[in-house]
There are 2 protein chains.
Amino acid sequence: MQIIIIGSGGVAANLGRLFQDNGLTITQILGRTESSTKKLAELLNCAYTIDIANLRMDGSLYIIAIQDREIPVLLSQLVIPGDAMIVHTAGGVSIDVFKPFRRQFSQYGVLYPLQSLRKETVSIPEIPFYLDANDARSKAFLEKFAEQARLNYRWADDKMRMQLHVAAVFCSNYPNYLYTLAENFCKKEGLDFSSLLPVITETTNRMSREKISPALLQTGPAIRNDLSTIDKHLNILYNDTEAREVYQFLTEKIMESSVFQNKSE
Amino acid sequence: MQIIIIGSGGVAANLGRLFQDNGLTITQILGRTESSTKKLAELLNCAYTIDIANLRMDGSLYIIAIQDREIPVLLSQLVIPGDAMIVHTAGGVSIDVFKPFRRQFSQYGVLYPLQSLRKETVSIPEIPFYLDANDARSKAFLEKFAEQARLNYRWADDKMRMQLHVAAVFCSNYPNYLYTLAENFCKKEGLDFSSLLPVITETTNRMSREKISPALLQTGPAIRNDLSTIDKHLNILYNDTEAREVYQFLTEKIMESSVFQNKSE
């Protein structure tokens, strides 16, 4: 199977490495900037180009791993073999993005990695994949590919994929923002943020290793309705408006939350 | 060293196990309910009582591990040897809580574990300890104890300890609330929450294993000012008022946030 990857960022790098680790060969990478594209091509031991006119026409699977908003622009310029399969990797982009270019792409779909992927990562994280395809033939092709590449995969339509994408925002982007607020506060106050890493790790280990629902694990002053501690905390944050506003909002939300009433559902 | 623990909850259980693992002996536990106190005493292979009148008077270190608000009530009833050391373990309670009882407690301090501790935990998590003491003699005593128990410890006054406590809320309670919202949304929509565990783990591994600042790691639609994706996400959350309100608030905060401007500080 000739795999061609379009993009040279975090998704391209991790998928390329994963496929290669699982015995597949990447034929070519098409990137936008010489330096990052060349670097990734060397890592994956494959050809590369930054000129769309030099895209190889013997691929069987073309994987688009670029910014969401750039996908339609790319598609309008892209020429691939008539029987090749093309997929994008975006959580928030409909499979119908290919539809206006139907004459060019007869076999298309989605290969969404539900993971936050960085180019610089040392070891490829565990990636649950969500696949979609425009017809039975595409589905069979993707299925065969996923088996060959030994992916952990399921099928998901647009709705399900976007639901997972929004859930991922709650599980990654927002917690990371809160860690950043804590780090910033520590920096200002001369505290060592790294002393908080054990409590962060423990909080997530309970879900991931011990498989305990987070609804059963909530602790802290908000869930205890401990107004005296909440007051002390707000005083401590007097100097950090952003953190204080977030503290106030989330504390109120937790105090009035319905999600902790549903434990036994 | 005769150690007596007052309390039978998560803090008492983890500290008792940790001290024991590090070669110390727990002499007695004073608890409130027979069943949980007996259970912990069996685990720690020590005596127990639920009657404060039966508290042993030969302890050299008394450790209070009970609810914050119950500490003053307990102290008003507690009689310990004149030369014994007494500490509480609360992040949010001042060392001065002992002061009104000064005639009874001449050696007092704080032994604060910066960690979220559950009774049911399988393996004791890493715990950074923050100590405080009322005078040089107490300080020397606690220092000796911390060395003997092989604790990872530092000294912290009330202000620093409470600052760490509020930072811990941002690093544990609030992320856990967000995971609960995601889990609840998944349950409602028939999605598998466990497929989000890899992205949760990856988000925290970057900080804890790769030692990268969370300020450098923010991804997602809010930091990209990707209004089209944000709109789609809000539509997807139409059925989940609580999650939608949190999404709107945190997205706006991230978009206008100053913490991501301070990367190179």
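In chain B, the side chains of R206(B) and E202(B) meet in a salt bridge at 3.1 Å, N to O, a salt bridge being a side-chain nitrogen of Lys or Arg within 4 Å of a carboxyl oxygen of Asp or Glu. Both residues belong to helix 6 (residues 197-208) of chain B, where they are 4 residues apart, about one turn of the helix. R206(B) and E202(B) are both buried, where buried means under 20% relative accessible area, exposed means over 50%, and partly exposed lies in between (1.4 Å probe, protein chains only). Salt bridges with shared partners also join R118(A), E120(A) and E210(B) into one network.

The model is predicted, so local features need pLDDT of at least 70 and side-chain atom pairs count only at pLDDT 80 or more, whereas totals for chains, interfaces and linings use all residues. Residues are numbered from 1 along each chain as its sequence is written, chains are lettered from A and ligands numbered from 1 in the order in which they are written, and side-chain values use heavy atoms, with hydrogens and water left out.

Over all chains, the structure holds 24 salt bridges. Side chains of opposite charge can pair when their charged atoms come close. One of the salt bridges joins D226(A) and R224(A) at 3.0 Å, N to O. D226(A) is buried, with a relative accessible area of 8%, while R224(A) is partly exposed at 32%. In another, the closest N and O atoms of K253(A) and E256(A) are 3.3 Å apart. These two residues are 3 residues apart in helix 8 (residues 241-256) of chain A, and therefore K253(A) and E256(A) are separated by about one helical turn. K253(A) is buried at 9% relative accessibility, and E256(A) is exposed at 56%.

Chain A contains an open sheet of 8 strands in the order 3-2-1-4-5-6-7-8, with mixed pairing. Helices (H or I, at least four residues) and strands (E, at least two) are DSSP runs numbered from the N terminus, and two strands pair if DSSP finds at least two bridges between them. Strand 3 (47-49) and strand 8 (152-155) of chain A stand at the edges, each with a single partner strand, so one side of each has no neighbour in the sheet. On average, neighbouring strands of this sheet are turned by 25 degrees against each other, direction ignored. Strand 5 (residues 85-88) and strand 6 (residues 107-113) of chain A run parallel and are joined by 4 bridges; H88(A) has V110(A) as its bridge partner in strand 6 of chain A. Helix 5 (residues 158-189) of chain A lies across strand 5, strand 6, strand 7 (128-133) and strand 8 of chain A, and runs at about 155 degrees to strand 7. Axes are lines fitted to C-alpha atoms, for helices over the stretch in contact, and angles run from 0 to 180 degrees between N-to-C directions.

The contact between the chains (heavy atoms within 4.5 Å) takes 95 residues from chain A and 96 residues from chain B. Chain A and chain B bury about 8800 Å² between them, 62% of it on carbon and sulfur atoms; buried area is the accessible area (1.4 Å probe) that two parts lose on being put together, summed over both. F170(A), C171(A) and Y174(A) supply 8% of the area that chain A buries against chain B, more than any other three residues. Between chain A and chain B there are 6 salt bridges. K253(B) forms a salt bridge with E245(A), with the closest N and O atoms 2.2 Å apart. Helix 5 of chain A gives the largest share of the side of chain A that touches chain B, 29 residues.
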